[in-house]
Amino acid sequence: MKLLFYPPFFAMLLVIFLLSGCKSTSQLNNPNDEKYKMRVQQFAEQPNKVTYESLLLSFVNSSYVHSIGDHDLVYRNTLASITNQEIACTEVDWFALTQRNFLSIKPHLSAQSCYQSANIQSKAEFHRGAVEFLLAGIKASGNGQHYYSAYQVTTWDDASDFIELSNYQVVDGYASLSHQNQAIYLVYVVNDITTGRQKEIYFENSKFIHGVLGLQYPFSGLGNHLELSVIDSLVVSDNIIAKIAKAGHLAELKKWPQAISLYQNVAQQNSAVAFYRLGMLCLTGETEHDFDKPCGEYFRSSASLGYMNAYVALTYIYLEGAGVVKSPDTASEYIILARQGLSLGDVWYKLTAIERTLNRQRGRLLDSEYLRKAIDYDSAPAKFYQLIESQNIEQEVQIAQLKKLAQTGFAPAQTSYARMLLASAEKGSKAWQQAQLWLDKATEQYYPNAFYLKGIALQNGLFDKPDKIAAYLAFQKAALVHHAQSQWRLGYYHSIGDVVEQDHRLAGSWYSLCSLAGNSNCLFSLGIHFRNGLAIEKDDRVAFKYFEQAAQKGHKMSKFYLATMYLQGAGVDKNIDKAQSLYQQVCDESVAKACIKLALIYRSGDLIGVNNQRANQLFDKACQLKNMDACNYLAQAYQSGLSVGQNLKRAIELYTQACESRKQTESCFSLAQLYQQGHGVSKSIDDAKYYYQIACVGYNQQACENHKKLLDKRD
């Protein structure tokens with residue numbers, strides 16, 4: 001009898017052992033344990049009633065997640081005892097053993113093998129069903145083609161098992177610390193035996209890691225826990241794929257010597273990816289670090305290990321003469337080799353990507369010969385890039401070509417096509433119905449921009465009545481794969497308590513996540529949290545820094561808040577000139593509040609000289625921007641003749657405009673007085689009562705009293 005056992009390919013379990021030792025006894029007596037065991041028992045009795053996602057969540061919330069290393073050790077020792085004929089496999093309580101981590105595939109395979117050899121078919125069938133359930137659950141969690149559609153697993157060993165049981169030939173594997181350290185992805189470089197193509201398959205186990213670390217999902221990135229607690233621990237244990245992740249992160253930080261040293265260490269263990277990345281670092285010329293061989297040699301070493309991207313890089317250096325004698329013939333030979341696992345369109349588009357990385361074109365990528373050839377050879381990403389970036393394509397042509405590309409199944413094109421349909425047609429039109437269908441197709445491929453656009457459409461009722469719950473869920477889908485603007489939307493929902501319970505702490509967590517990506521809305525919102533002390537201690541200095549960062553990215557309201565803080569000396573030294581300059585800048589950007597604020601400064605003269613003429617100009621601009629407070633201020637100027645010729649007719653027009661908007665009831669009070677007095681308008685008690693009543697509803701106590709007096713006088 002042969003028991004299936006595959007030694008762990010990665011050292012993730014070492015981290016689990018290290019982290020598990022730090023857990024309290026309260027965690028080891030987690031009340032969620034019973035929920036997890038009930039879920040497993042439910043699968044045993046009614047497998048169709050249990051989903052992979054529900055089982056995964058119940059497991060990561062239980063204390064079993066903290067002793068997974070111990071459970072794995074029990075499994076290995078059990079196999080050793082069977083192999084050494086110390087016990088018969090049928091003496092093992094396989095249900096109890098697999099229950100400890102029901103999501104681990106290999107123990108189920110061992111149990112199935114045991115029971116089949118003993119002709120105990122019912123039990124063999126149960127474990128076979130468990131394996132099918134787990135494999136189907138992993139496949140249903142994504143498609144593995146991109147980071148945003150990564151397969152969800154528990155441990156990296158489960159990813160290894162999944163790959164082993166699939167029709168793939170493994171070339172290499174590596175980990176990637178991504179999205180400002182918010183995520184770790186395990187990536188396999190494989191040859192697909194069925195298609196003959198080489199591709200990368202993404203896995204993620206974020207829920208599991210959060211469970212082990214005892215952190216609220218998905219906020220581990222806020223304390224850099226993934227790098228410090230997971231990747232660094234694995235690097236210390238000499239784990240190859242973690243070293244690649246760490247080296248990649250160090251390279252992003254431009255810590256060249258450390259990055260190169262780690263890559264060289266991993267390359268010594270025949271990592272195709274490490275050799276390739278050393279070649280790319282060498283080729284960029286950004287580092288003064290001495291490499292131990294010419295750039296091309298790193299690519300040759302990588303190619304010899306079967307990495308198709310290395311053949312593409314070799315093609316590039318011979319086409320460009322980068323460190324070698326330019327040779328189109330040699331480049332052609334490498335293209336032929338690259339085509340063993342890549343399409344011609346992929347080859348030329350990857351050449352475009354290398355060109356962009358090395359800044360050879362410096363903004364002229366649309367003129368790239370590589371891009372043109374990628375388009376000629378039907379590369380969907382190349383065609384999409386040209387359509388989106390080109391300024392010389394008429395909109396009708398662009399829409400038609402996007403539709404054609406969308407029909408090939410390319411999710412970015414499907415999303416952009418849907419967006420253009422929404423922008424170029426009217427609600428309820430056939431075009432909008434088509435937009436909804438294309439968004440559905442793109443979300444089926446887990447594309448985050450599609451989920452975001454779908455969320456906007458649902459929130460604003462573009463396809464039907466507004467559905468903020470569905471919108472929230474769409475934003476959540478994108479937010480969980482690190483789409484910054486969707487993370488901001490979730491934060492906003494929690495901040496105002498719309499659809500979900502108001503929770504400033506949770507809102508701040510979402511804002512903090514997307515601020516790591518430099519999203520200006522998120523930086524601004526964090527500034528508001530610190531400025532107002534929302535679920536955190538009020539700190540104007542911290543608020544000022546967030547507003548400043550957002551303002552540097554062009555965020556208008558952040559500039560407005562900076563101006564106010566300079567004006568007040570809040571969190572920064574008082575500086576009237578800077579405040580005035582910022583208010584003017586934001587006013588010029590059509591933010592009416594800034595125009596009003598600056599106008600009031602000119603009108604009061606407390607901080608700078610009085611300039612009522614300039615104030616009225618600013619009020620006029622803000623009024624044209626539909627700000628009714630500004631219209632009211634301007635009406636006051638026309639009524640009194642303050643730096644403008646007195647013009648009661650114009651004043652009444654402005655008061656009426658502001659009042660009828662129901663946004664500015666002070667203007668209603670002024671208008672009522674004019675009608676009551678017959679000043680600039682025919683006297684009308686009925687009109688006076690009408691406008692006093694509106695002002696009264698707007699909580700103007702004097703208006704309420706005047707309205708009552710007019711009613712009493714009538715009686």
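Which helices and strands each supply at least two residues of the lining of the second largest pocket? They are α4 (52–60), α8 (121–140), β3 (183–192), α10 (206–213) and α25 (468–479).

## About the model

Please keep in mind that this is a predicted model, in which local features need pLDDT of at least 70, side-chain atom pairs count only at pLDDT 80 or more, and totals for chains, interfaces and linings use all residues. Residues are numbered from 1 along each chain as its sequence is written, and side-chain values use heavy atoms, with hydrogens and water left out.

## The chain at a glance

The chain has 38 helices and four strands. Both are DSSP runs numbered from the N terminus: helices are H or I with at least four residues, strands are E with at least two. Along the principal axes, the C-alpha atoms fill a box of roughly 110 × 70 × 55 Å.

Of the 715 residues, 52% count as buried (buried means under 20% relative accessible area, exposed over 50%, partly exposed in between, with a 1.4 Å probe and protein chains only). Contact here means heavy atoms within 4.5 Å. Among contacts between residues at least 6 apart in sequence, 53% join residues at least 24 apart.

## The second largest pocket

Back to the pocket of the opening question. Its space comes to about 740 Å³. Of its 33 lining residues, S141, Q152, K207, K477 and V481 are the closest to its centre. Helix α10 gives the largest share of the lining, four residues. By class, the lining has 17 nonpolar, twelve polar and four charged residues; Ala, Val, Leu, Ile, Met, Phe, Trp, Tyr, Cys and Pro count as nonpolar, Asp, Glu, Lys and Arg as charged, and the others, Gly among them, as polar.

A word on terms: on a 1 Å grid over the protein atoms alone, a pocket is an open set of points with protein on both sides within 12 Å along at least five of seven lines, where a 1.4 Å probe fits, and lining residues have an atom within 4 Å of a point. Grid points are joined across faces, edges and corners, and the volume is the space filled by probe spheres set on the points.

## The four-stranded sheet

The four strands form an open, mixed sheet in the order β1-β4-β3-β2. β1 and β2 (168–178) stand at the edges with a single partner strand each, so one side of each has no neighbour in the sheet. Two strands pair if DSSP finds at least two bridges between them.

Strand β1 (residues 151–152) pairs with β4 in the parallel sense over two bridges, with Q152 opposite E204. Ten bridges join β2 and β3 in the antiparallel sense, and L177 is the bridge partner of I184. As for β4 (residues 198–204), five of its seven residues are buried, so this strand is largely enclosed by the rest of the structure.

## Cores and a buried lysine

A nonpolar core is a set of buried Ala, Val, Leu, Ile, Met, Phe, Trp, Tyr and Cys residues joined through side-chain atoms within 4.5 Å. The largest has 62 residues, and Y276, L283, F299, Y316, I317 and I354 have the most contacts inside it. Helix α14 (residues 272–284) gives the largest share of this core, ten residues. A second, separate core of 60 residues includes A543, I601, M628 and L671.

K243 lies in helix α12 (residues 240–252) and is buried, with a relative accessible area of 6%. Leaving aside neighbours within four places in sequence, K243 is in contact with V235, D238, L262, N265 and V266.
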